[in-house]
Amino acid sequence: MISLKNLTKEDPEIAGWIKKEDQRQKDVLEMIPSENYTSLAVREALGSVLTNKYSEGYSSRRYYQGNRYIDEIETLARLRCQKLFNVPHANVQPYSGSPANSAVYFALLNPGDKIMGLKLSGGGHLTHGHPDVTFSGKYFRSTQFDVEPDGWIDMEKVAKLARKEKPKMLAIGTTAYPRFLDWKKWREIADSVGAFFLADIAHVAGMVAGGVYPSPAPYADVVMFTTHKTIRGPRGAVLMVTQRGLKRDPEMAKKIDKAVFPGLSGGPHDNVTAAIAVCFKEAATPSFKKYAKQIVANAKVLADTLKENGLKLTTDGTDSHLIVIDLRPQMVIGNIVAEALEVANIVANYNTVPHDQNPPMYPSGVRLGTPILTTRKMKEKEMRKIGKWIVDVVKEVGHFRLPEKKEDRAMFIKKTKAELWGNKRLLALGKEIKKFSSKFPVPGEG
Ligand SMILES: Cc1ncc(COP(=O)(O)O)c(C=O)c1O
């Protein structure tokens, strides 16, 4: 870990919590697919003096003096990104994925225009037109499609819906869909109605960079990704305008840049920009390619192990870094399984499954991913072991049933969680997993 010498002296309370979190990250098997463990180099850039600077604007066009080194850093970040993803334009300033998607809508749509995206409950993202509660669903009209009961997207059905609804923007990307997206077909659908096509590769950017997940760059107009997931950088996001996007509108890059600043944000987080540049350098190496390949190999073995031991997976498997277990055959909710996994030192999250009959607060699935385990150099052998542990945990808690009466549910969750944290078998497994986990160093250790 980066030294906390000064922090410990000045603010021992915060230093204490950071040290505890550092230890927790080492002790557990973190399997949330949208997370990763960054390199020390990324974190050194993130914790650098660059956080002291204001630099509203873009390289060589700033509203503040003193930006000659910041300009170099931001230009390097942009150029590394353009090379890595083979695109002509990149903006590295968005604070995170949600504001980045908002910037695309702000740049290319008018309020009230129609956005089309995958439903959150089917594995899409809130920013893809989720109704009422989000910017994308409140200031724009939205039409959302769902996956089929087996978890797959039916492209014919979606194409038909698009022809009927005539959206102005397709926002296509996933948070819980384990399969490849067919970018060429999405382009055809967008073209059939003259829509813009935003490809949101937040989850899979690292695998696209590593060459193990298809790139949307030849097909989309704009590509967005977050930098803190599989690509293993700091928390942030990037917007890329493709050749296609520029061909459609030569002003598209300018429009996107203007929407990010001054449209939606102020000064860029220069320390984040530097850390993003570092992560792009890392992602361009042969060892990162190997890493990306191993993420998928691990997920496939994990999926097979879970299936061989009787668990059902949405779409029956994975092409990528993530897996969603459908717990409906066991009749136990995801909340209980996710909590039991945490008692056993495996960290995952509960998730809806396709056409879930349960409400989103008590969904029937658990989502798991392999990016962090792979960062810690775990391979197929370890995936088989972890898969069996997960199966054991599901068996241990499979008898818990969500009460029929809505008013009894909150108390049921509270009581069951307390019970799980006293479950001897889960606690014993937790000890075993902590010991196992400590054998696999985190970046900067070992
Ligand atoms: C597909 C997708 N798009 C957008 C986002 C939003 O990113 P952020 O959480 O950085 O706002 C996420 C994050 O989970 C995501 O998975």
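## Helices 7 and 8

Helix 7 and helix 8 are roughly parallel to each other, a label given to angles under 35 degrees, whereas angles over 145 count as roughly antiparallel, 65 to 115 as roughly perpendicular and the rest as oblique. The axes of helix 7 (residues 155-165) and helix 8 (residues 183-193) cross at roughly 20° and come within 9 Å, where axes are lines fitted to C-alpha atoms, for helices over the stretch in contact, and angles run from 0 to 180 degrees between N-to-C directions. Helices (H or I, at least four residues) and strands (E, at least two) are DSSP runs, numbered from the N terminus. The crossing of helix 7 with helix 8 is right-handed; a crossing is right-handed if the near helix is turned clockwise from the far one by less than a right angle, and left-handed if anticlockwise.

Met-155, Val-158, Ala-159, Ala-162 and Arg-163 of helix 7 make the contact with Lys-185, Ile-189, Ser-192 and Val-193 of helix 8, two residues being in contact if their C-beta atoms, placed from the backbone, lie within 7 Å. By class, the residues of this contact are six nonpolar, one polar and two charged, with Ala, Val, Leu, Ile, Met, Phe, Trp, Tyr, Cys and Pro counted as nonpolar, Asp, Glu, Lys and Arg as charged, and the others, Gly among them, as polar.

## Basis of the model

This is a predicted model, in which local features need pLDDT of at least 70 and side-chain atom pairs count only at pLDDT 80 or more, while totals for chains, interfaces and linings use all residues. Residues are numbered from 1 along each chain as its sequence is written.

## Domains

The chain is assigned domain 1 (46-283) and domain 2 (294-437), with bounds that come from an automatic or database domain assignment. The centres of the two domains, taken over C-alpha atoms, are separated by 30 Å. In the contact between them, 18 residues of domain 1 meet 21 residues of domain 2, and the side of domain 1 that touches domain 2 consists of ten nonpolar, four polar and four charged residues.

## Ligand surroundings

Around the ligand there are 14 residues, of which Ser-96, Gly-97, Ser-98, His-125 and Ala-202 come nearest; a residue is near a molecule or strand if its C-beta atom, placed from the backbone, lies within 6 Å of it. Helix 5 (residues 97-108) gives the most to this shell, with three residues, and the shell divides by class into two nonpolar, eleven polar and one charged residues.

## Two further helix pairs

Helix 4 (residues 68-85) and helix 12 (residues 270-283) have axes that come within 9 Å and cross at roughly 35°, in a left-handed crossing. Among the residues that meet there are Ile-70, Ile-73 and Leu-76 in helix 4 and Ile-276, Ala-277 and Phe-280 in helix 12, and the contact has eleven nonpolar, one polar and four charged residues.

Helix 13 (residues 286-308) packs with helix 16 (residues 380-397) at an angle of about 40°, their axes being 8 Å apart, and this crossing is right-handed. Residues that meet include Val-301 and Leu-302 in helix 13, and Met-383 and Ile-386 in helix 16; the contact has eight nonpolar, three polar and three charged residues.

## Backbone details

The peptide bond from Phe-261 to Pro-262 is cis, with omega near 10°, and Pro-262 is found in helix 11 (residues 252-264). Ser-60, a residue other than glycine, has a positive phi, near 65°, and its place is in the loop between strand 2 (57-58) and strand 3 (61-62).
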